[in-house]
Amino acid sequence: MSAPNLAPIPELFVSYESAAKLKHEAGELVSWDLTARQVCDLELLMNGGFNPLKGFMSEADYNGVVREMRLADGGLWPMPITLDVSEAFAEKVEPGQDIALRDGEGVILGIMSVTDKWVPNKSVEAEGVFGADDIAHPAVNYLHHRAGAVYLGGPITGIQQPVHYDFRSRRDTPNELRAYFRKLGWRKIVAFQTRNPLHRAHQELTFRAAREAEANLLIHPVVGMTKPGDIDHFTRVRCYEAVLDQYPSSTTTLSLLNLAMRMGGPREAVWHGLIRRNHGCTHMIVGRDHAGPGKNSAGKDFYDPYGAQKLFGENEAEIGVEMVDFKQMVYVQEKAQYEPRDEVEEGQTILDISGTELRRRLREGLDIPDWFSFPAVVQELRRTSPPRAEQGFTVFFTGFSGSGKSTIANALMVKLMEMGGRPVTLLDGDLVRKHLSSELGFSKEHRDINIRRIGYVASEITKNGGIAICAPIAPYSATRSAVREMIEAYGAFVEVHVATTIEECERRDRKGLYKLAREGKIKEFTGISDPYEEPKDPEVRLETEGNEIDYCAQQVILKLENMGLIRA
Ligand code: PPS
């Protein structure tokens, strides 16, 4: 492939002077508050990262892309870039109208001249683009559960870039990178796309890939949106910076890409190639299972592990970027060095640590050897992922009113405070209703709001390294699952079902509420005139009948020890 034309590529921004005027005028327009993903998409549309797209896709472009990876003009493009909005917003907008696009803080970033408005068939989109209408795929889940029901399309007039306060000097637009390559005289540039920290094997493979292609290396990690559960980009960028010393500085550079990944495997690889071409690269490393979303709901891989390399290879000429195939590098103990797996001689010992094993070692504070990663990287990872016994967590009691939740939660709190080390907060049902949810009643809608508020506070406590003990009734399993998800992003979630029967709770009737409920004086009373969905698989199930409070609290303590959350 010939040397790239590093001339500037088209951006969608108006001049600096016009931008101020336009911004003022745009204040009058109907405006859409962009989602986090849409902000990422808009940034790359405006700065040319998604060249040749000139805006969010029209219906014709979208249909072509979904069906056959082609825009209406026949150009190769694998991923729908659409502006999804709510039905209520869509009612306010008609083709021919301009709308202002605002970021999360309300700043106007651009204007879209709406040409198209349509209701997509999301199942067809999921099948066409991601190969399956299965919500185990993060992008399909997003499509069905988070994306709006209506799509708007039309060209964009860019007013300003989204503002980033973090790692500013490491973020470059396509034209900034092109100018950098021009200035340094770089003509062949291999891009390495990543959403994970770099360990020694990655360093070896990227270094070799660049050497084999006789090219310079661009480490181009995604910092927009990656796979749910990934290590946050703040930690990763500190890790990348730590690894940068391992490369010759005259041949390698690091730049951050504010892309919202879709984890679309083969199609995503082609998309990544087009984005890298726009950033001035000539080559891209495509690995086994590139941008893979993991397992589907039947427990099988969504994509053939070599599907991305195949699709990229078939479209290489049109992408305009040459594929460098990713050699799996392994550590050979006898030689104390890394080698491509297919070149290791028979009888030699290969050492490897999988991603799961690495997470276990971090969680349990175990050794991570120097042959696997660089000490500075490990240190960064340990700072973000301390051993479980030093992380925050949430214990979430659920059960009928009067089941004993609050009493056991109180006993647990005191025991944990006696141990010390982490702050403990009790979010008891009654307490929350007094301080956080005093305006709420007991309808399903209100109970869900109440539980989500508790979940939010508990997730913040967990994130900041504390222990949250919650003790609401929380009668609906879907809401409890949502809370679990919120918390597990930051630490462990321990669900404790206080399984006292409704008959026993009514017999005890400590607050006299069951009597009132039976008399119809309290409506929607859980277990009497309102449902309670039992947890199917809680971490702990407590039988309180015939058991002391202390014994019950001890059962929870034992579970916490067993999960490594407290030290024995
Ligand atoms: S929920 O469903 O989780 O939002 O309920 P929660 O916030 O835990 O509040 C339950 C406490 O409110 C009292 N109470 C009622 N409970 C159930 N149903 C109805 N209709 C009701 N009205 C008032 C009751 O005392 C609960 O306290 P606990 O601590 O659970 O006994």
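Reader: Is Ala-336 buried or exposed?
Author: This is a predicted model, to begin with. Ala-336 counts as exposed, because it has 8 C-beta neighbours inside 10 Å and the cut-off for exposed is 12 or fewer.
Reader: What's its phi?
Author: Ala-336 has a positive phi of about 50°, although it is not a glycine.
Reader: Where does Ala-336 sit?
Author: Ala-336 is in the loop between strand E13 (329-332) and strand E14 (337-340).
Reader: And Glu-524, what about its phi?
Author: Positive again, about 45° for Glu-524, which is not a glycine either. Its place is the loop between helix H20 (513-518) and strand E20 (540-542).
Reader: How many other C-beta atoms lie within 10 Å of Glu-524?
Author: The count for Glu-524 is 15, so it is partly exposed.
Reader: Next, peptide bonds. Which residues does the cis one join?
Author: Asn-51 and Pro-52, with omega at about 15°. Pro-52 lies in the loop between helix H2 (36-46) and strand E2 (55-56).
Reader: Now the ligand. Which residues come nearest?
Author: Ser-401, Gly-429, Phe-442, Pro-472 and Ile-473, out of 21 residues around the ligand.
Reader: Which elements give two or more residues to that shell?
Author: Helix H16 (429-435) and helix H17 (444-463).

Technical notes
Residues are numbered from 1 along each chain as its sequence is written. This is a predicted model: local features need pLDDT of at least 70, side-chain atom pairs count only at pLDDT 80 or more; totals for chains, interfaces and linings use all residues. A residue is near a molecule or strand if its C-beta atom, placed from the backbone, lies within 6 Å of it. Helices (H or I, at least four residues) and strands (E, at least two) are DSSP runs, numbered from the N terminus. A residue is buried if 20 or more other C-beta atoms lie within 10 Å of its own, exposed if 12 or fewer, and partly exposed in between; C-beta atoms are placed from the backbone.
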